Amino acid sequence: MKREDYLSWDEYFMGVALLSAQRSKDPGTQVGACIVGQDNKILSMGYNGMPIGCSDDCMPWDRDGDPLNTKYLYVCHAELNAILNHGRSGLEGAKVYTTLFPCNECAKAIIQSGIKEVIYLQDKYADTDSVIASKKMFDMTGVAYRLFDGDHKDITLKL
């Protein structure tokens, strides 16, 4: 008889997104994303971090202050990194699992890449212009989005 307590596809892919988020050096917010094809195969992953070649030790991680001395003008978001890490076309009809609802800039990249569904774990910035704009663009272009509704199982990894 087979096991009954295995992970659903949604739990599995959100787990991969959560694990990817652990690569982020951001002291305040760690976000992960996992892009999955229509055949439930992982196409790409990403997390929020500095662009390749920009040293994590030399770039600012502050949230407040002069914009040039905060992380916001520099950090690549998890969803964008996952799209760019894929490195080729072929995301049409894919889904992206992300630990945080995408900002407007990532929404544009999601739409342009052909991704058709966003499954998110948190929407803590739902009232911001950025997320409101994301939802407006998703609604206009037919990109579905839904809150992750898994069982929120505890998974322990020992390395």
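This is a predicted model: local features need pLDDT of at least 70, side-chain atom pairs count only at pLDDT 80 or more; totals for chains, interfaces and linings use all residues.
Student: Let's start with the strands: in which sense do β1 and β2 pair, and over how many bridges?
Tutor: Good place to begin! Strand β1 covers residues 32–36, and together with β2 it makes a hairpin. The two strands pair in the antiparallel sense, over 5 bridges.

Student: Which residue of β2 is the bridge partner of V36?
Tutor: V36 has its bridge partner in β2, and that strand covers residues 42–47. The partner is I42.

Student: Which residue in the turn of that hairpin has a positive phi?
Tutor: The hairpin leaves 5 residues between β1 and β2.

Student: Moving on, is G53 buried or exposed?
Tutor: G53 sits in the loop between β2 and α2. Its relative accessible area is 79%. A residue counts as exposed when that value is over 50%, so G53 is exposed.

Student: How far apart are the C-alpha atoms of G53 and H77?
Tutor: Along the chain, G53 and H77 are 24 residues apart.

Student: Why do the buried residues of α3 line one face of the helix?
Tutor: The buried residues of this helix are C106, A107, A109, I110 and S113. An α-helix has 3.6 residues a turn, so residues three or four places apart point the same way. Looking down the axis of α3, its buried residues line one face because they fall within an arc of 165°.

Student: What covers those buried residues of α3?
Tutor: Several elements take part, including two strands, β3 (95–98) and β4 (117–120). Helices also contribute to the cover, among them α2 and α4.

Student: Which residues lie nearest the centre of the largest pocket?
Tutor: The largest pocket has a volume of about 510 Å³. Its lining takes in 10 nonpolar, 5 polar and 4 charged residues, and α2 and α4 each supply at least two residues to it. Of the 19 lining residues, those nearest the centre are Y72, H77, L100, C103 and Y125.

Student: And how many nonpolar residues are in the lining of the second largest pocket?
Tutor: That pocket has a volume of about 380 Å³. It is lined by 15 residues, with E11, M14, G15, L18 and I155 nearest its centre. Sorted by class, the lining has 3 polar and 2 charged residues, and the nonpolar ones number 10.

Key:
Residues are numbered from 1 along each chain as its sequence is written. Side-chain values use heavy atoms; hydrogens and water are left out. Helices (H or I, at least four residues) and strands (E, at least two) are DSSP runs, numbered from the N terminus. Buried means under 20% relative accessible area, exposed over 50%, partly exposed in between (1.4 Å probe, protein chains only). The arc is that of the directions from the helix axis to the C-beta atoms. Contact means heavy atoms within 4.5 Å. On a 1 Å grid over the protein atoms alone, a cavity is a set of points where a 1.4 Å probe fits but cannot get out, and a pocket is an open set with protein on both sides within 12 Å along at least five of seven lines; lining residues have an atom within 4 Å of a point. Grid points are joined across faces, edges and corners, and a volume is the space filled by probe spheres set on the points. Ala, Val, Leu, Ile, Met, Phe, Trp, Tyr, Cys and Pro count as nonpolar, Asp, Glu, Lys and Arg as charged, and the others, Gly among them, as polar. Two strands pair if DSSP finds at least two bridges between them.
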